[in-house]
Amino acid sequence: MLEVENLHVSYGAIKALHGVSLNVPKGSIVTLIGANGAGKSTTLRALSGLVKSTGSIRYDGQDISGLAPHKIVSRSLCHVPEGRMVFANLTVKENLAMGAYLQKDKAWIAKQMDYVFHLFPRLKERENQAAGTMSGGEQQMLAIGRALLGNPKFLMLDEPSLGIAPLLVKAIFERIVEINREQGLTILLVEQNANLALDVSNYGYVLETGSILLEGPSADLKANPRVQEAYLGA
Ligand code: ATP
């Protein structure tokens, strides 16, 4: 569904990505793991058009390289950024409604909102609470829920475990798998928590200082001594 070849990104004099290539097949969960500053967020920003890149990005058979972010999102490719970025002063329900900004079908919006509340009952309990007053984990649920209201076909998640209590992290990752199965969503998951990410994904890439160092089925990467030593705390 997504084919990326030879992606390069620079921030002024700093080269953040040096020729990243990756594939995300339709219906799969693919993960991109790597240490701090490896270029994981930059990869997602390049794919959603938020930073300039060179190389080829094909999505659903079409070249989307160089397209503006709003054109990319209108093709059902949706990015949940690191740090959630919910609208702090809006309520949970208002945040979800913002996610549905481009949707026209009111019945579909109501049904999808129910689905999000079923997925994350905590959001239902807090539907009238200002998003900025919720815990990090609850805000992460909201950020994912808001993305689902945009009716995505392809979801990019940037470090959903960041700064979240372990119990909530587990719940969120279980929901990610559920979304993939129930909504048929293809997912590209960026994570520093390699253990969790490799558990829920089908295939993985290891990014190191802007280049892909290793790739393979997630179970193989988990068993790889290099990955174990560098990313799994072995
Ligand atoms: P983290 O897990 O810490 O978010 P990451 O793997 O997502 O790390 P990126 O945020 O993509 O890494 O950063 C890759 C490199 O690009 C880093 O060296 C970072 O300092 C640099 N970088 C990122 N954003 C900018 C920017 N706006 N201006 C200059 N350099 C940047």
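Predicted model: local features only at pLDDT ≥ 70, side-chain atom pairs only at ≥ 80, totals over all residues.
User: What makes the overall size of the protein chain agree with that of a compact globule?

Analyst: A compact globule with 234 residues would have a radius of gyration near 17 Å, and the protein chain has 17 Å, so the value agrees with the expectation. Along its principal axes the C-alpha trace spans about 45 × 40 × 35 Å, and 48% of the 234 residues count as buried. Of the contacts with a separation of 6 or more, 67% are between residues 24 or more positions apart.

User: Which strands make up the open sheet with antiparallel pairing, and in what order do they stand?

Analyst: The order is 2-1-4-5, with 4 strands in the sheet. Strand 2 (14–24) and strand 5 (62–63) are called edge strands because each pairs on one side only. Helix 1 (residues 40–47) packs on this sheet, where it touches strand 1, strand 2 and strand 4 (54–59), and its direction makes about 110° with that of strand 1.

User: How do you know that strand 1 and strand 2 pair?

Analyst: Two strands count as paired if there are at least two bridges between them, and strand 1 (residues 2–11) and strand 2 are joined in the antiparallel sense over 8 bridges, so they are a pair. Within this part of the sheet, Val 9 stands opposite Leu 17 in strand 2.

User: Why is Asn 6 called partly exposed?

Analyst: The label partly exposed is for values between the buried limit, under 20%, and the exposed limit, over 50%; Asn 6 has a relative accessible area of 45%, and therefore counts as partly exposed. Asn 6 lies in strand 1, and its phi is near 55°, a positive value in a residue other than glycine.

User: Why is Thr 209 called exposed, and why is Thr 91 called buried?

Analyst: Exposed means over 50%, and Thr 209 has 61% relative accessibility, so Thr 209 counts as exposed. Its place is in the loop between strand 9 (203–208) and strand 10 (211–217), and although Thr 209 is not a glycine, it has a positive phi of about 35°. Buried means under 20%, and Thr 91 has 17%, so Thr 91 counts as buried. Thr 91 is in the loop between strand 6 (77–80) and helix 3 (92–99), and, not counting residues up to four places away in sequence, it touches Glu 127, Asn 128, Gln 129, Ala 130 and Ala 131.

User: How do you know that the length of helix 7 agrees with what its residues should span?

Analyst: At 1.5 Å a residue, the 17 residues of helix 7 (residues 166–182) should span 24 Å, and the end C-alpha atoms are 24 Å apart, so the two values agree. The buried residues in helix 7 include Leu 168, Val 169, Ile 172, Phe 173, Ile 176 and Val 177. An α-helix has 3.6 residues a turn, so residues three or four places apart point the same way. Just after helix 7, Gly 184 takes a positive phi of about 65°.

User: What makes strand 7 and strand 8 a parallel pair, and what lies across them?

Analyst: At least two bridges are needed for a pair, and strand 7 (residues 154–158) and strand 8 (residues 186–191) pair in the parallel sense over 5 bridges. The bridge partner of Met 156 is Leu 188 in strand 8. Helix 7 lies across strand 3 (29–33), strand 7 and strand 8, and runs at about 155° to strand 8. These strands belong to an open sheet of 6 strands, with the order 6-7-8-3-9-10 and mixed pairing.

Definitions and conventions: Residues numbered from 1 in each chain as written. Heavy atoms only, no water. Helix = DSSP H or I, 4+ residues; strand = E, 2+ residues; numbered from the N terminus. Contact = heavy atoms within 4.5 Å. Axes fitted to C-alpha atoms, helices over the stretch in contact; angles between N-to-C directions. Rg over C-alpha atoms; globule rule 2.2 N^0.38 Å. Buried < 20%, exposed > 50% of the residue type's maximum accessible area, 1.4 Å probe, protein only. Expected span 1.5 Å × (residues − 1).
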